[in-house]
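Open the model in your viewer and keep the selection panel at hand. The stops below go one after another.

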Amino acid sequence: MVEAELSQGGSGDNQVLIVDDMRLNRQILGQMVQEMGLKAVFAETGEEAVAKYMSLKPSLILMDINMPGMDGIQATLQIKQAAKDSFIPIIFVTGAEGQDVIRQAIDAGGDDYIQRPFPFELLEGKIVALRRIAQLYRQVNRLNHLRAREEEVAEQLLSGAVESANVALDQIRIHKQPAETFSGDVQLSAFRPNGELNVLLGDFTGHGLTSTIGALPLSETFRAMTAKGYDAEEIIAQINRKLQKLLPTGMFLATAIVTLSQDGTAKIWNGGLPDILVISQGEVVQRIISSHPPLGIIPSVKELNFEHTKVQPDDHILLLSDGVIEAENHLAEQFGEDRLSDSIAAQASDVETQLVDIILSDLSDFVDGHIQKDDISLIDIPGSVTANDLKPVTPCGIELDVNEASILDIWNWNLELQGGSLARINPVAQALSRLQESEGGGDQWHSVFSILTELYVNALDHGVLKLESSLKASPEGFAEYFSERERRLESLSTGAVSLYLQHTRFAHGGRLLVRVEDSGEGFDFEHWLKNEQTASVGQFSGRGIALVSDLCDSITYENGGTAVEVVYSYSTKD
């Protein structure tokens, strides 16, 4: 006889359940099974077979077909259903004849079929083969569970490295629902030094482990450049350069980025994602469509078209991946933009429920348990976000006793931009990076970033580009202002702005002199200085000089307003 090739394990590993309503058949099969070194257990009916399987979990079942009550085919259906992902081999051993009977037995879940009379060696061979397959199945199952567990741990570590540093999570809502253990979607948020919030949603090609290859470099680039004050345009360009070298052919990153100021002004860019929606009172008031290919495809990105808009505190900016729009139900219908619009409209009459929760509830009802084919991501940004993680930008109010605090060192740094370089290079981020590298971190750089930004933007916008601040007197003019700004920057071939820093380090603090000079015609700075206190929080313009004046020890204009010099002091005492 063929010897059993499998090791004997727990109570069910060496048990064979024999199901037959005829006692003689049970005895014959039982003797054969015992001679193979296995333990035979018996059932006379289909109902008893199901009960024995549930209680004993045998390694294999020999099943008759024709029995009183529940027959073998019905019993097999119930046993296979109860087994779920476990593999329980069932061999039909019967005198029933005909192709229809064999087809019904196999359709019910039978793994083999043998018709009486038969040589015992044939059945023994089938038992050995199927038990071997069952053991291999269990081994594969264990390996799959181990791999799944390792993937879960790896995903937790990756998510921690990529997304654990996200900010403002008490104010913005981020939802990630991967199709597999690993998600190809990346959601990032970080504050710029001046308190502006950068939010990025990225969707790598595909899903699963391979789609996460670019997540770490994407996260590191986004956070490092945001912390140094770089604009979104420069962040996108650097991410593209990095991914274009890193990602394999055919893989890319659909991306959207939002920069939201604390006064509600928003700068939005979409490269390959579904429309970004600006929502007010349950109505979509603005759509930012994709205006650029995904990142990582072409070596360099140019002409990034940002949309500038003004949002109210109760408004929402909604970012989503295509996994939301393209989610399918059992009829292969997609959720689509119309159903998404219905979910958004429903939020207007259900203000107690968050917008993301309404969308997810409607999406779940629609798919009704159908398999998820792509990662699903949603980011809901309210119109007002407070930078709780940053100390507020306030006047320094520091008086350093220079006689007591000896000068430790002095260094100078300067940069001049001319013509087209004004549209390409951000000197503020470079200046702040130089300060942080030389003097270390500190809350004082939040104020310095605001000072540098206001001085440089005034020199570029009003001195070189000759834009009128009055354009920003209304929300409509605000958008027009930035459209005109981009148009003039694209065609800029003349003009210059220079930035000069002198940093003096004392024992318990420092003093920074900043000088910005432009090639423009100047402006009536005396008028602005006299009226700086009248600039209100609700204005869209006219607040820059007032802010700089409040933050700095002194502010001095020269050459008819084409040059400005400020001094800012800070203390490093606790």
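This is a predicted model: local features need pLDDT of at least 70, side-chain atom pairs count only at pLDDT 80 or more; totals for chains, interfaces and linings use all residues.

Helices (H or I, at least four residues) and strands (E, at least two) are DSSP runs, numbered from the N terminus. Residues are numbered from 1 along each chain as its sequence is written.

**Confidence**

Colour the model by pLDDT, the predictor's confidence in each residue, from 0 to 100. The mean for the protein is 86, and 89% of its residues reach 70 or more. Now select residues 1-10, where pLDDT stays under 50. This stretch has 16 contacts (heavy atoms within 4.5 Å) beyond four places in sequence. Residues 533-541 are also below 50, with 15 contacts beyond near neighbours in sequence.

**The sheet**

Select strands S16, S17, S18, S20 and S19: in that order, these 5 strands form an open sheet with antiparallel pairing. Two strands pair if DSSP finds at least two bridges between them. S16 (407-418) and S19 (554-558) are the edge strands, each with a single partner, so one side of each has no neighbour in the sheet. From one strand to the next, the twist averages 10°.

Zoom in on S18 (residues 509-518) and S20 (residues 563-571), an antiparallel pair joined over 9 bridges. Glu517 is found opposite Ala563 in S20.

**His503**

Within S17 (residues 496-506), pick His503. Is His503 buried or exposed? Its relative accessibility is 0%, so His503 counts as buried; buried means under 20% relative accessible area, exposed over 50%, partly exposed in between (1.4 Å probe, protein chains only). Show its contacts beyond four places in sequence: among them are Asp409, Trp411, Glu439, Arg511 and Tyr570.

**Helix H7**

Finally, select H7 (residues 232-246). Its end C-alpha atoms are 21 Å apart, which agrees with the 21 Å that its 15 residues should span at 1.5 Å a residue; the expected span is 1.5 Å times one less than the number of residues. Its buried residues include Ala232, Glu234, Asn240 and Leu243. The buried residues of H7 pack against several elements, including strand S8 (197-204) and helix H6 (215-227).

Note on methods:
Side-chain values use heavy atoms; hydrogens and water are left out. Axes are lines fitted to C-alpha atoms, for helices over the stretch in contact, and angles run from 0 to 180 degrees between N-to-C directions.
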